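Good morning, colleagues. Please look at the structure on the screen while I describe how its parts are arranged.

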Amino acid sequence: MDTKELLKKVRKIEIKTRGLSNHLFSGEYHSAFKGRGMAFSEVREYQLGDEIRTIDWNVTARFNHPYVKVFDEERELTFMLLVDVSGSENFGTQNQQKQDIATELCAVLAFSAIQNNDKVGVLFFSDKIEKFIPPKKGRSHILMIIRELIDFKPENKGTNVAEALKFFTRAIKKKCTAFIISDFISPAFEDELKIANKKHDLIALRLYDKHEEEFPNLGLIPMKDEETGELLWVNTSDEAVRTAFKAEGLRRNGQLRETFSRSGVDFTSIGTHESYVKPLMTLFKKREGKR
């Protein structure tokens with residue numbers, strides 16, 4: 001892609017995603033993520049309507065009268081995007097490829113973050129760490145991230161989520177909010193997920209395509225594994241083949257859901273056939289409700 005075409009594409013994504021983050025996500029983002037980092041400020045006497053959980057029991061016992069802790073919201077967060085750039089991200093039989101959705105999701109989240117005065121960093125991974133962009137503020141930094149997302153050429157095609165999480169946990173010292181965006185077709189990563197989520201606030205966005213989970217009846221078709229390059233001929237008119245393929249897809253998804261649930265990680269799935277706005281809004285609302 002030449003520079004002119006690349007800049008045009010960056011601009012197009014900026015206009016669309018910035019508009020979305022202004023009108024939809026900025027307030028939701030603040031409610032869902034701000035206040036996760038709270039700095040203790042002072043204690044004061046309990047007033048009607050204060051939350052019971054903010055009572056400082058030590059001070060209350062000392063003065064024989066209820067006192068509550070007052071917290072100041074830490075004004076800025078560090079916000080990390082962990083993005084799968086492996087071969088399978090080029091897959092998409094519907095309106096767009098998974099990589100297209102990943103780019104727009106990152107842009108929307110990044111613009112929402114900088115509107116809330118947060119720093120944004122990015123980690124690109126395949127089955128190795130492809131690139132690490134340290135957290136910074138500002139529009140020009142976000143535009144550079146979008147440019148990288150559009151034009152990045154990974155060295156490897158496989159996926160290893162565990163490697164990405166290990167690097168992330170080591171590289172980012174202070175607690176941050178992080179989105180990991182992938183199809184999660186990867187070797188096991190539950191241990192690394194639990195460790196990362198203990199230190200940070202981790203959210204998973206699973207990208208998928210309908211036809212990775214259900215074959216249409218198209219007769220004998222060639223299928224190429226984007227990660228290994230292997231070409232297979234599959235007889236999709238055979239009902240047993242279609243049933244087995246669907247069952248495997250359901251098993252894999254169920255396993256993934258359990259992994260995130262056991263690790264305490266919020267997650268949602270976004271398909272190439274749909275808009276990411278609704279799943280993202282639902283996720284933000286769910287997090288608001290939990291706070």
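Let me begin with a definition: helix axes are lines fitted to C-alpha atoms over the stretch in contact, and angles run from 0 to 180 degrees between N-to-C directions. The model is predicted, so local features need pLDDT of at least 70 and side-chain atom pairs count only at pLDDT 80 or more, while totals for chains, interfaces and linings use all residues. Residues are numbered from 1 along each chain as its sequence is written, and side-chain values use heavy atoms, with hydrogens and water left out.

The protein chain has eight helices and ten strands; these are DSSP runs numbered from the N terminus, helices being H or I of at least four residues and strands E of at least two. Its C-alpha trace spans about 80 × 45 × 35 Å along the principal axes. Of the 291 residues, 47% are buried, meaning under 20% relative accessible area with a 1.4 Å probe, protein chains only.

I turn to two helices. Helix α3 (residues 98-115) packs against helix α4 (residues 139-151) at an angle of about 170°, the axes being 10 Å apart. The two are therefore roughly antiparallel, a term for angles over 145 degrees. In contact, that is, with heavy atoms within 4.5 Å, are residues including C106, A107 and F111 of α3 and I142, L143 and I146 of α4. By class, this contact has ten nonpolar, two polar and one charged residues. Here Ala, Val, Leu, Ile, Met, Phe, Trp, Tyr, Cys and Pro count as nonpolar, Asp, Glu, Lys and Arg as charged, and the others, Gly among them, as polar.

How many disulfides are there? The count is zero, a disulfide being a pair of cysteine sulfur atoms within 2.5 Å. The sulfur of C106 has its closest cysteine sulfur in C176, 14 Å away, which is too far for a bond. C106 is buried at a relative accessible area of 1%, and C176 is buried at 3%.

Finally, the aromatic rings. The structure holds eight aromatic pairs: rings of Phe, Tyr and Trp (its six-membered ring) with centres within 6.5 Å, stacked if their planes are under 30 degrees apart, edge-to-face if over 60, and otherwise tilted. F189 and F260 have ring centres 6.3 Å apart and planes at 45°, so this pair is tilted. F189 lies in the loop between β6 (177-182) and α6 (190-199), and F260 in helix α7 (residues 239-263), so the pair ties together parts 71 residues apart in sequence. Both F189 and F260 are buried. Ring pairs link F184, F189, F260 and F267 into a cluster.

Methods:
Buried < 20%, exposed > 50% of the residue type's maximum accessible area, 1.4 Å probe, protein only. Parallel < 35°, antiparallel > 145°, perpendicular 65-115°, else oblique.
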